[in-house]
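Q: Please take a close look at one residue and its place in the chain. After that, carry on to the other parts that can be described.

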Amino acid sequence: MTLKKHFIILFSIFLGFTLDNLIIPFTNPYFIELSLGFMIFSYWVFAIPEKLQTFEALIYGAFIDLFFGEAVGFHMIFFTLISYIIHVYVFRFRLFSYFQLAIFFSGATTFFIASKYLIFFPENYSYLLLILSFIINFIIWIGVYFVMRAYRRKFL
Amino acid sequence: MARTTPTYTPIGKYAAGVILSGLLMFSDINYGTFTPIRGLFKSSVIYSKLAVGNFIERAQVSIALFQNNKNLILTNDQLRERILKIEASLFLHKQLREVDNNLVNLSNRLNDFKGGNTVQIFEIADFDLKNYQCCSFHNLYLQNPEEIKVNKHSPVASDKAFIGQTLRVDLDIIKVILFSDINHVLPVKSKNLYCNARGAGEPLFILCKIELDKSRSIQLGDIIYTSGLGGIFPKDSPIGVVSSIKNIGSSENEILIKLDSNPLDQTFFGIIAKQ
């Protein structure tokens with residue numbers, strides 16, 4: 001894959017994390033946390049698994065950690081893990097309905113959010129936040145999927 | 001037997017990636033290995049935001065020019081900025097005067113502390129609103145375009161009270177840790193209380209844990225002052241009031257202190273800095 005395509009993918013992930021940062025102060029009082037950046041990365045691995053593997057997951061994760069993270073390594077771990085799971089089940093996912101995909105990806109995103117709170121902000125860990133975030137991320141995944149698909153078809 | 005998928009997904013590479021990332025994260029969380037690098041990246045993001053902000057501001061001014069409002073807007077902004085600067089400066093000068101009064105009766109060592117210190121006003125560059133609203137890390141960032149030497153752990157104040165202390169400087173962006181950050185500890189006192197108040201991880205609140213019998217004389221609404229015991233903040237500066245007293249065990253009470261100054265209301269902050 002060319003460097004330009006990597007920039008296009010990285011730009012969309014950056015945009016996702018930037019939007020998260022802008023939106024979270026307004027949603028957090030209602031115990032809702034979005035993770036658009038993580039969902040966008042998951043989408044890319046799901047859409048072009050043969051082009052995004054371990055090395056790409058680590059490099060993208062390192063960039064996100066440096067610009068948005070609380071510690072270097074956190075996004076690297078979760079990008080690598082989600083990348084592995086998607087690679088193993090990628091063809092099974094192709095058979096899934098949108099509903100099943102939304103459950104899987106919002107579940108993975110909720111696990112990512114829960115881990116973030118457990119590692120960095122254990123005092124603010126809340127099951128209510130996780131449940132509500134799961135529901136909201138479930139709904140948002142559908143939008144992310146179609147928007148990112150249009151973006152991929154246009155630019156890649 | 002068929003594999004789950006026909007793709008070749010060797011677990012070894014992924015496991016190595018996870019282990020490597022885990023080691024990096026462990027070293028960063030425990031020893032702050034990558035803190036300077038992250039500081040540089042964070043500062044560059046803040047500069048980008050400021051550049052975009054300046055661009056938008058200039059565009060707005062240009063539009064206002066067409067509407068014959070440019071001068072009025074500029075004058076208004078300048079006056080507002082001057083008022084905010086004066087308010088922040090007045091508070092800090094008052095604090096320094098009190099330090100001066102104490103210094104008259106103190107040793108030469110404390111005179112050295114005063115010597116060379118000056119009050120500098122800085123404009124806000126960025127506020128980590130995401131973590132401030134949800135989580136326990138509370139930081140703000142100040143612009144230092146004139147490259148004034150700012151020491152680590154210098155007191156930072158708004159127009160009403162101290163709000164935190166400097167943590168580090170990256171690319172002339174000063175990182176400030178607020179009192180409400182869970183990692184910040186501030187020695188405080190009131191007429192019946194001496195304690196090390198830790199940030200509550202919640203906006204505008206810090207908390208003290210003290211023994212039950214010592215907390216009996218503390219009342220809701222008691223004014224809390226800096227005790228000066230940490231060696232960073234001058235003593236007897238009011239920072240907040242007792243907001244609630246909660247029993248958290250058979251022998252301990254938790255005193256929640258509401259801070260006077262809300263950093264979200266301010267644009268300018270003062271730092272006692274080296275000249």
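Does B:Glu147 count as buried or exposed, and why?

A: B:Glu147 counts as exposed, because it has 8 C-beta neighbours inside 10 Å. The cut-offs are these: 20 or more other C-beta atoms within 10 Å of a residue's own make it buried, 12 or fewer make it exposed, and anything in between is partly exposed, with C-beta atoms placed from the backbone. This is a predicted model, in which local features need pLDDT of at least 70 and side-chain atom pairs count only at pLDDT 80 or more, while totals for chains, interfaces and linings use all residues. Residues are numbered from 1 along each chain as its sequence is written, and chains are lettered from A and ligands numbered from 1 in the order in which they are written.

B:Glu147 sits in the loop between β2 (139-143) and β3 (155-157) of chain B. Helices (H or I, at least four residues) and strands (E, at least two) are DSSP runs, numbered from the N terminus. The phi of B:Glu147 is near 55°, a positive value in a residue other than glycine. Most residues other than glycine have a negative phi. B:Leu171, which is not a glycine, also has a positive phi, of about 50°. B:Leu171 lies in the loop between β4 (162-170) and β5 (173-178) of chain B. With 13 other C-beta atoms within 10 Å, B:Leu171 is partly exposed.

Further along chain B, β11 (residues 252-259) is joined by 7 bridges to β8 (residues 205-211), and the two strands run antiparallel. Strands pair here if DSSP finds at least two bridges between them. In β11(B), B:Ile257 stands opposite B:Ile206. β10(B) (residues 238-247) is likewise antiparallel to β11(B), with 7 bridges, and B:Asn247 stands opposite B:Asn253. A hairpin of 4 residues joins β10(B) to β11(B).

Chain B also touches chain A, and the contact takes 28 residues from chain B and 30 residues from chain A. Two residues are in contact if their C-beta atoms, placed from the backbone, lie within 7 Å. On the chain B side, α1 (11-31), α2 (35-66) and α5 (129-134) each supply at least two residues. The largest share, 10 residues, comes from α1(B). By class, this side has 14 nonpolar, 10 polar and 4 charged residues; Ala, Val, Leu, Ile, Met, Phe, Trp, Tyr, Cys and Pro count as nonpolar, Asp, Glu, Lys and Arg as charged, and the others, Gly among them, as polar.

Chain A has 6 helices and 0 strands. Of its 156 residues, 40% count as buried. The C-alpha atoms of chain A fill a box of roughly 40 × 35 × 25 Å along the principal axes.

Helix α1(A) (residues 3-27) has 25 residues and spans 35 Å from its first C-alpha to its last, close to the 36 Å expected; the expected span is 1.5 Å times one less than the number of residues. A kink of about 30° lies at A:Asn21, shortly before the proline A:Pro25, the bend being the angle between axes fitted to the seven residues ending at a residue and the seven starting there. Buried residues of α1(A) include A:Ile9, A:Ile13 and A:Phe17. The buried residues of α1(A) pack against α2 (36-47), α3 (54-68) and α6 (127-155) of chain A.
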